[in-house]
Structures are given as structure tokens and as C-alpha cells.
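Subject: Structure handover

Hi,

Here is the structure you asked to take over. Please load it first, then read my notes below.

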Amino acid sequence: QPEEMNLDDEAIGRFSIKAAMSTGKQRFQILRNRDWRQIIYPDPGSGDDQDATVKGPDGTGHASCWSIEVQPSRNVIMIDLELWEEDQSFSDDRKSRSAVSKMKVSWRSIRKQELSEQEVFERSRPSFYLVGSWDCFMRRTKMRFDGLRQCYVGRVPVPVKGCEFFQILSNGDWNSILHPGKHEGGMDASAQRGG
């Protein structure tokens with residue numbers, strides 16, 4: 001599930017989050033109001049680091065993520081999102097804010113934090129998300145790992161009657177979709193990976 005960023009400095013509109021990460025390359029995006037149709041992401045043509053042009057919020061940046069190379073010696077990362085608006089100051093009601101005219105995303109390593117074996121295991125395990133026709137494939141629902149059955153499970157709202165279609169995104173990536181080998185498949189259909 002998305003983790004909420006905190007309004008750090010209302011004077012300049014800075015939202016921040018501090019996270020302990022596994023070492024190696026980690027990728028992230030930012031959602032406004034937890035809405036996958038309002039993604040803030042790096043412009044694919046300008047790279048995936050702190051100098052990348054910030055795009056959004058919109059629903060077209062599913063495949064574009066920032067990348068952080070996390071070092072073992074400093075694995076706690078502070079991520080900042082700074083917003084500038086035209087002619088309006090920030091209010092406490094985030095949902096009523098107008099569109100921003102400029103955004104900047106930056107991050108910095110602040111300290112080392114040892115992760116437990118369980119945390120390392122959980123963070124190294126792949127994640128899977130359900131998308132489907134019940135909301136026009138707009139929202140990703142994270143599946144959870146069921147240790148007893150050794151499989152991933154997910155729950156989504158569907159009507160009592162009718163037919164719905166769905167796909168599974170590996171690590172939430174629209175370029176890595178798990179789908180049946182034919183146009184429509186039932187529970188016995190084999191899964192394939194594709195974009």
C-alpha cells in the first residue's frame with residue numbers, strides 16, 4: 001500500500017517521508033491522494049535521478065519511476081517533494097489544492113538502520129498487483145502473500161452477476177504484466193509475462 005508523505009514545511013509546500021530500504025537499486029513513484037490516476041513521476045526522456053524533470057499528476061506515468069542506489073552504510077533515505085503554486089498558498093485540505101505549477105523531487109541518505117531478517121525477506125520478495133475492468137484498469141490493488149497456502153491472494157469489489165476481466169502486474173509494473181496465453185482465460189489458463 002502507498003505510504004503517506006508528511007507536510008514538512010507549509011511555507012514552501014514540502015512533503016517528506018523517511019524510509020529504511022534494502023540495499024541496491026530501489027524504485028518509487030508518488031501518488032496524489034493515493035490515486036493511481038494522479039501519479040507524479042520523472043519524465044522518461046530526462047532520466048530517473050534527482051535532475052529528472054517532474055511530470056504529473058496524471059495517469060500516464062505508470063512505467064516511469066525514480067531510482068535510488070541504496071548503500072549498505074546509509075540505507076535510511078529521506079525523500080522530499082517540493083511544490084510551488086501560482087497565486088495560492090497551501091491549505092491543510094490537500095484535496096482542495098489546485099494543480100501545481102512546478103515540482104521538485106529529491107532525496108538524501110541520512111543514516112544506517114539494520115533490517116531484521118523478516119524485513120529483509122519481505123522486501124526481497126516480489127510484489128503483485130491486481131488491475132481489472134471493475135474500475136477500467138485504473139487502480140492497482142496489492143496482493144498479499146499467504147504463507148499457509150504459499151501463494152499470493154487479492155480481494156477486489158466485483159458485482160454479483162456479470163463478467164469482469166483482470167490482469168496481474170509484477171511489482172506494479174505495467175511493462176511486466178501476467179496474463180493468460182489467450183485473449184480470455186479461465187482458472188486453468190497458463191500465465192504469460194509481457195508488456
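Leaving out neighbours within four places in sequence, S73 is in contact with R111 and K112. S73 sits in the loop between β7 and β8. T23 is 50 residues away from S73 in sequence, yet their C-alpha atoms are 9.1 Å apart in space. Keep in mind that this is a predicted model.

**Cores**

The largest nonpolar core has 19 residues, and W66, I79 and L81 touch the most other members. Four strands each supply at least two residues of this core: β2 (14-20), β7, β8 (76-84) and β9 (102-111). The largest share comes from β8, with 4 residues.

What does L81 touch, beyond residues up to four places away in sequence? The list is M5, G13, R14, F15, I30, I40, M103, K104 and V105.

There is also a second, separate core. That one has 5 residues, among them Y129, V131, L169 and W174.

**Salt bridges**

Side chains of opposite charge can pair when their charged atoms come close. How many salt bridges does the model hold? The count comes to 3.

- R108 and D80: the closest N and O atoms are 2.6 Å apart. This pair links distant parts of the chain, with R108 in strand β9 and D80 in strand β8, 28 residues apart. R108 is partly exposed, at 42% relative accessibility. D80 has a relative accessible area of 6%, so it counts as buried.
- R149 and D146: here the closest N and O atoms are 3.0 Å apart. R149 is exposed, at 55% relative accessibility. D146 is buried, at 12%.
- R37 and D35: their side chains meet in a salt bridge of 3.2 Å, N to O. R37 is partly exposed, with a relative accessible area of 42%. D35 is buried, with a relative accessible area of 12%.

Is D80 buried or exposed, then? Buried, because its 6% falls under the 20% cut-off. R149 counts as exposed because its 55% is over 50%.

Most residues other than glycine have a negative phi, and most peptide bonds are trans. Some places here depart from that.

Which peptide bond is cis? The bond from G56 to P57, with omega near 0 degrees. P57 is found in strand β6.

C136 has a positive phi, near 60 degrees, and is not a glycine. C136 lies in the loop between β10 (128-132) and β11 (141-142). With a relative accessible area of 60%, C136 is exposed.

Q150 is not a glycine either, and its phi is positive at about 55 degrees. The place of Q150 is the loop between β12 (144-146) and β13 (151-153). Q150 counts as exposed, at 56% relative accessibility.

**Cysteines**

How many disulfides does the structure hold? The number is 0. As for burial, C65 is buried, with a relative accessible area of 16%. C151 is partly exposed, at 27% relative accessibility.

**One more loop residue**

S64 is placed in the loop between β6 (54-58) and β7 (66-70). Is S64 buried or exposed? S64 counts as buried, because its relative accessibility is 11% and the cut-off is under 20%. Not counting residues up to four places away in sequence, S64 touches Q29, Y41, P42 and P44.

- Core: W66, I79 and L81 touch the most other members of the largest nonpolar core.
- Charge pairs: R108 with D80, R149 with D146, and R37 with D35.
- Backbone: a cis bond from G56 to P57, and positive phi at C136 and Q150.
- Disulfides: 0.

Best wishes

Note on methods:
Residues are numbered from 1 along each chain as its sequence is written. This is a predicted model: local features need pLDDT of at least 70, side-chain atom pairs count only at pLDDT 80 or more; totals for chains, interfaces and linings use all residues. Side-chain values use heavy atoms; hydrogens and water are left out. Buried means under 20% relative accessible area, exposed over 50%, partly exposed in between (1.4 Å probe, protein chains only). Contact means heavy atoms within 4.5 Å. A nonpolar core is a set of buried Ala, Val, Leu, Ile, Met, Phe, Trp, Tyr and Cys residues joined through side-chain atoms within 4.5 Å. A salt bridge is a side-chain nitrogen of Lys or Arg within 4 Å of a carboxyl oxygen of Asp or Glu. A disulfide is a pair of cysteine sulfur atoms within 2.5 Å.
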